[in-house]
Amino acid sequence: MRTFDVDRFVGHKFGKLTIVRYVENKEIGNHGKTLAMYECECECGNHIIVPLQYLKSGNVTMCKDCKEKAYESKWI
């Protein structure tokens with residue numbers, strides 16, 4: 001099992017999200033795989049909890065509110 005310093009990503013920015021703190025390792029499925037969960041602050045001020053894997057891959061780059069605003073402005 002790999003281990004890493006969970007606090008080394010605090011302060012890193014991914015899109016509009018900045019990592020504020022490590023929250024927990026969340027087990028997914030029945031195979032013992034875990035995801036490191038982090039609390040992030042969006043540029044708009046909202047806080048969300050996101051798996052680090054999603055931030056690093058670019059799957060999550062902003063909060064739900066900003067995503068909805070970006071989608072609406074795309075079609076106006």
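Guide: Two strands are said to pair if DSSP finds at least two bridges between them, where strands (E, at least two residues) and helices (H or I, at least four) are DSSP runs numbered from the N terminus. This is a predicted model, in which local features need pLDDT of at least 70 and side-chain atom pairs count only at pLDDT 80 or more, whereas totals for chains, interfaces and linings use all residues. Residues are numbered from 1 along each chain as its sequence is written, and side-chain values use heavy atoms, with hydrogens and water left out.

Visitor: In which sense do β1 and β2 pair, and over how many bridges?

Guide: Strand β1, residues 13–14, pairs with β2 in the antiparallel sense over two bridges, and F14 has L17 in β2 as its bridge partner. Two residues lie between these strands in their hairpin, where G15 takes a positive phi near 65 degrees.

Visitor: How many bridges join β2 and β3?

Guide: That antiparallel pairing runs over ten bridges, with I19 standing opposite C40 in β3. The hairpin of β2 and β3 has four residues between the strands, and G29 in the turn has a positive phi of about 70 degrees.

Visitor: Which residues of the largest nonpolar core touch the most other members?

Guide: A nonpolar core is a set of buried Ala, Val, Leu, Ile, Met, Phe, Trp, Tyr and Cys residues joined through side-chain atoms within 4.5 Å, buried meaning under 20% relative accessible area with a 1.4 Å probe and protein chains only. Here the largest has 14 residues, of which L17, I19, Y38, L52 and L55 touch the most other members. The elements giving two or more residues to this core are β2 (17–28), β3 (33–42) and α1 (52–57), and β3 gives the most, with four residues.

Note on methods. Buried < 20%, exposed > 50% of the residue type's maximum accessible area, 1.4 Å probe, protein only.
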